[in-house]
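Morning, everyone. Please have the structure open on your screens. I'll keep this short.

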Amino acid sequence: MRRAAALALGLWLTLAAGGAPAADRLRILATTPDLRSLAEAVGGDDVACDSLVPPGVDAEAFEPRPTDLVRLRAADLVVRVGLGYDAWLDRLIRQIGEPRFYRGGAADVDASVGIPLLEVVGQGVEPEQGHAHGVANPHYWLDPANADTITALIADAIGRVAPSLAGRAAANRMRFLEALAARIAAWQERLAPDAGAPVIAYHASWPYFARRFRLHVVGLIEPKPGIAPSPAHVAQLIAQARATKVRAVLHEPFEPIDTARLIAERAGARLVVLAPSVGSLPGTGDYVALIDHDVETLAGALAAK
Amino acid sequence: MSGVALSWSDVAALLGAPFAACVVFLGIHAYLGIHVLRRQIIFADLALAQLSALGATVAFALGHLPTSAAGFGYTFSFTTLGALLLALSRPLARRIGQEAFIGILYVVATAVTIMVVDRLPQGAEHVKAMLVGSILTVAPADLRKFVMLYGAIGLFHVLARRPLLALSDGAGGAGVRALVWDFLFYVSFGLAVTSSVAAAGVLLVFCFLIIPAVIGTLFARTIGGQLAIGWGVGTLASALGLAASFALDLPTGAALVVVFAGALALAGLVRYLTGGDAAVRRRHRARLARALAGGTLAVLFASALWLIAQPDADQPLLDALEAATGIGPQPFLSAGERATFADAVRDAARYRGEAERLDRLEQASRYQGEPLDPDDVRKLASYMQSFNEMRRGELFVQAALRARARERARWWVGVPAVALSLAGGALLLRPLPRIGWRGPIPKRIL
């Protein structure tokens, strides 16, 4: 009996010692690793961040697990991409039934609010055509300038649920954005010689990236995700790639590579694998590293041409 | 997209290798399919393919690429394990049917694969590629490998045809000897299916395996005859499927499967209309004509009743008729409503055009001219959204007017259609004239 008590005490002490800082910290649960990385930049040491979609997993094909409900219930803030991209979050929230996570609730952050959206379709929140691109193209985090808006929303929300952290979050954010602004200028300079470069992309993930870095996305290999492109479409793309002198085929690690390789080979373009989100390729561990990796990889490929 | 000319060399390069792959796959699968049909193990290929996918996934989890020797080793071991389990399950066939066991093997292999994939970063796409395949991107180098592998499997089946066919016909006896032959059959089957599934996907391999064999068995009794027919029809269907996929802009694998199924339906029809002596053939022709007429009348009758019961629900037959004739709901609208409908159609097209124009404007600004500032992009986005909403409004107006027209068509179209189908049915139910009736069917029966 005494031994059991001692064991329990020891266990409690270990948990208390190891767990205290984490328990004190504000728990931010993002849907994607990209938003998690930005939340970390804003929250710094005051927050413990996690993402529902693990790094390297396609967020559009994500299937939540029972443990995700536990993590969601324990979270102080939830940050989502919105635009129907992570619509599965709503099902999880309904299941645990906590009003603070409902749209517009105190603990809900929809990071797309205020973003200058591209390829706007309409009002529907549910994905159209069985595809997670609902209201507009959701890949807005790939324009690093949009980090300004996203981090502003996160900093606001931190102030809302933990007013004592508001000042530090705002300061962290300013520091992060200053450093990021310098990087954006450098990235733009890196890709400036390739302004207007015609490229083909596998999937419609790159409009925001293309706008920031002035790329011309001539065509998409898989216009409807999950449905293999038809030979007519592939032949058209090859012909079009030759006519517009496409220099690179942008590919993503989640997608089957055969068609992209075939088009690149026949059009004489380079096949470039870019990371669509944090952690989807080695060397893309955080937000800045992600953009840096994509810019460097693309610049290298275009220069070699 | 449309302004670019296609070169025929591109098209030939794009479709040549897939066609050759289809022919190579057909070569071995049509034959294995005959075995599969005789053994009644239709879904064994799925179970073995899933087990080999599990093997490839485990190899991947341990850090081996699927194309490496270690990767192949794992895949082959799991396929062999599957072959052993299938061979051992043969005695079950007498009591509960082997298909139950095959189904269990399939779901367990799938479930374990999902669990292993779950632990892998970027695992999902690897298994997806393994099971979906893409016949469009088969490389000529792969083709050579397939020819060699299938040649070896084919040779084994030629040499061991007696015991293998006896087993498939359920006459192989029992004991260790039968078990070993059974095991060897499943290993060869697993090897063929595993390699083809990775290249062409589960759907297509199932189709290559079963449909030519079924068509062959419809028309011939000997293995040779069944094979010749299966190969011939399969090759033709492959060429047609690839051509359709190109001409109609369809996903290749799915288009091939549908064309194969169409070939099977046609073969069944031909078999029905040409089998037996002259009297039987005549009877079959008459029956078919009556079945077609009866089916048409039944669809008409059901659609008419549906229109009367629920005029504002989906009316597939009426929709198809309106789309085919281009008439639309106009006949049942007043002059004013007709004008509103025409306006709604015109405005919907205009708003769509406007939204697309703005989208093109924004897309062009990404890489040429002065970049737009964020507020310009927001403004464009909000205009585009407004245009899209307005277009939706016009579509809503069209839908409302169409519903109103349907409401009126309810009795004017529904009642005569019911009467027509009933009258046709009554005519059809009269006995056929038995003597001296040849040639085309009289109009009153149709």
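Take the contacts in chain A between residues at least 6 apart in sequence: 61% of them join residues at least 24 apart. Keep in mind that this is a predicted model.

What is chain A built from? It has 10 helices and 8 strands. Of its 305 residues, buried ones make up 50%.

Next, the contact between the chains. Chain A brings 42 residues and chain B brings 38 residues. On the chain A side, the elements that give two or more residues are helix H7 (207-213), strand E6 (216-220), helix H8 (231-243) and helix H9 (258-267). Which of them gives the most? That is H8(A), with 10 residues. By type, the side of chain A that touches chain B splits into 24 nonpolar, 11 polar and 7 charged residues.

Now cross over to chain B. Find helix H10, residues 223-247. H10(B) has 25 residues. From its first C-alpha to its last, H10(B) reaches 35 Å, close to the 36 Å expected at 1.5 Å a residue.

Which residues of H10(B) are buried? Among them are B:Gln226, B:Ile229, B:Gly230 and B:Val233. Further along, the buried ones include B:Ala237, B:Leu242 and B:Phe246.

And what do the buried residues of H10(B) pack against? In chain B, they pack against helix H1 (8-39), helix H9 (202-219) and helix H11 (252-274). They also pack against H8 of chain A.

One last stop. Just after H10(B) comes B:Asp249, with a positive phi of about 60°.

How values were computed:
Residues numbered from 1 in each chain as written. Chains lettered and ligands numbered in written order. Predicted model: local features only at pLDDT ≥ 70, side-chain atom pairs only at ≥ 80, totals over all residues. Contact = placed C-beta atoms within 7 Å. Helix = DSSP H or I, 4+ residues; strand = E, 2+ residues; numbered from the N terminus. Nonpolar A, V, L, I, M, F, W, Y, C, P; charged D, E, K, R; others polar. Buried ≥ 20, exposed ≤ 12 C-beta atoms within 10 Å, placed from the backbone. Expected span 1.5 Å × (residues − 1).
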